[in-house]
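Subject: Structure for you to look at

Hello,

Here is the structure I promised to pass on. Please open it next to this email and follow along.

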Amino acid sequence: MKINNSKEKVRQLQNKLYLTAKKCDSRRFHALYDKVYRTDILFEAWKRVKANKGSSGVDGISIEDIERMGIEKYLMSIKVELQDGTYRPSPVKRVMIPKPDESERPLGIPTVKDRIVQMATKIAIEPVFEADFQRCSYGFRPKRSAKQALEVVRKACNNKGYYVVDADIEKFFDNVNQDKLLTLVEQRISDRRILKLIRQWLQSGILYGNILTVSELGTSQGSVISPLLANIYLNTLDRLWEKYGLTHGVLVRYADDTIIICKNKKSANHALNLLQYIMTKLDLKLHPVKTKIINMWDGTEGFDFLGLHHRRFSKINKRGNRYGETYQYPSKKAMKKMKQTVKETINQRYLLVKTEEELIKIINPKITGWRNYHRTRNDRKWMGAIDWYILCTFCRWNNKKRQQTRKLKGIYATKQRLREKGLQLMIA
């Protein structure tokens, strides 16, 4: 099963499906299942699952185990199961991920086999739904990103966007109505075998410890197919907003994170009421505390969206006239999380045996990734704060290693040494 051009073949298939779906918005596709077990698609699905890494599911089989077994042999066994109709998904393993506010977020980990089949299915059906998705949706879509969403928000806020509806859908992934979701999928896909696959994944259950729970609500957060299903479900919101909400404000949605930028308080109230009405139709609820209207006018309030804080600051132009500009910079939550990452990567007792060069090699990719995402035109103060924290953390580690009682002794010598050894900086 050596497929050297699987990526190109997949791209051609997806492009053909997208153009066909775009031509007719009422067309239903009835022959997609045979694409799922195509050799090139399974191989491409495997490559993507491997690139995403991730741990094993309930069966305990990891990516490394499959490589030892033989990738071609493993994918061929999946192909046979899909062809024969004997494929059955395993329950999703639930793990609890700690959040910055000390609460926990449930994450579902399907088996690697299920992730491969879900990825192959996603490859086959995503172009069909992509043809229907609206411009205001940016989350988990090809050629769309969080940075693009943030730029739309910045421009809308600067274009007299004085009020913002910061909407939080309460436990979205736990409360998706599975019957309504499948109805929405059926509007575009009539292939019964594809629909059966999706239904099986929704009803496969969640294994937490030794307890198996099967719910008629929700889709597992962490599954490969979940972001696409979430976009299909919330595309109803996007379509209704395009039809009824454009006069009220600009909607920007990234998965279940939703922001509406409005020009006045009246429009913001109308926007919130319309949003609540649409949520009722989708059997969802807005969080009563986290959902709020933000007054951006005087800079006393701001909001967090996709890891950045947005706030209006007063500036003076060359003519001496005062005007407002929306600043974007890393949110408190993002700053706290990065500092925690730095601390865990450098200043731990078991890391005292490492050399500075080894720690720099570990921390540099984290610095680069965080900097590339959070970089904005107004970020200098916050980037400088992270640089200082990294320097202090290295200095504390160095003095602990040398049993110095003064934690920040020799900090400027440390700074010079780290730069010479190639430590990346937030402010280049």
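Below is what turned up, taken one region at a time. Keep in mind that this is a predicted model.

**The sheet**

Start with strands E9, E10 and E11. These 3 strands make an open sheet, in the order E9-E10-E11. Their pairing is antiparallel. Strands of a sheet pair through backbone hydrogen bonds, either parallel or antiparallel. Strand E9 (302-305) and strand E11 (322-330) are the edges of this sheet. Each has a single partner strand, so one side of each has no neighbour in the sheet. From one strand to the next, the twist averages 35°.

Now look at E10, residues 308-316. It is joined to E11 by 9 bridges, and the two run antiparallel. To find your place, pick out Leu308: it stands opposite Pro330 in E11. Then find helix H7, residues 146-158. Helix H7 lies across E9, E10 and E11, and it runs at about 160° to E11.

**The cysteines**

How many disulfides does a search of the whole structure find? The count is 0. Cys157 is in no disulfide, and the nearest cysteine sulfur to it belongs to Cys262. A disulfide needs the two sulfur atoms within 2.5 Å. Are these cysteines buried or exposed? Cys157 is buried, with a relative accessible area of 0%. Cys262 is buried too, also at 0%.

**Helix H12**

Next, go to helix H12, residues 265-281. Check its length first. At 1.5 Å a residue, its 17 residues should span 24 Å. The end C-alpha atoms are 25 Å apart, which agrees.

Look at the start of H12. There, a side-chain oxygen of Asn264 comes to within 3.3 Å of the backbone nitrogen of Lys266. After H12 comes Asp283, whose phi is positive, near 60°.

Which residues of H12 are buried? They are Ser267, Ala268, Ala271, Leu272, Leu274, Leu275, Ile278 and Met279. What do they pack against?

- strand E3 (163-168)
- helix H11 (226-244)
- strand E7 (257-262)
- strand E8 (292-295)

Best wishes

Technical notes: Residues numbered from 1 in each chain as written. Predicted model: local features only at pLDDT ≥ 70, side-chain atom pairs only at ≥ 80, totals over all residues. Heavy atoms only, no water. Pairing = 2+ DSSP bridges. Helix = DSSP H or I, 4+ residues; strand = E, 2+ residues; numbered from the N terminus. Axes fitted to C-alpha atoms, helices over the stretch in contact; angles between N-to-C directions. Contact = heavy atoms within 4.5 Å. Buried < 20%, exposed > 50% of the residue type's maximum accessible area, 1.4 Å probe, protein only. Expected span 1.5 Å × (residues − 1). Polar contact = N/O pair within 3.5 Å; in protein donor to acceptor, adjacent residues only side chain to side chain.
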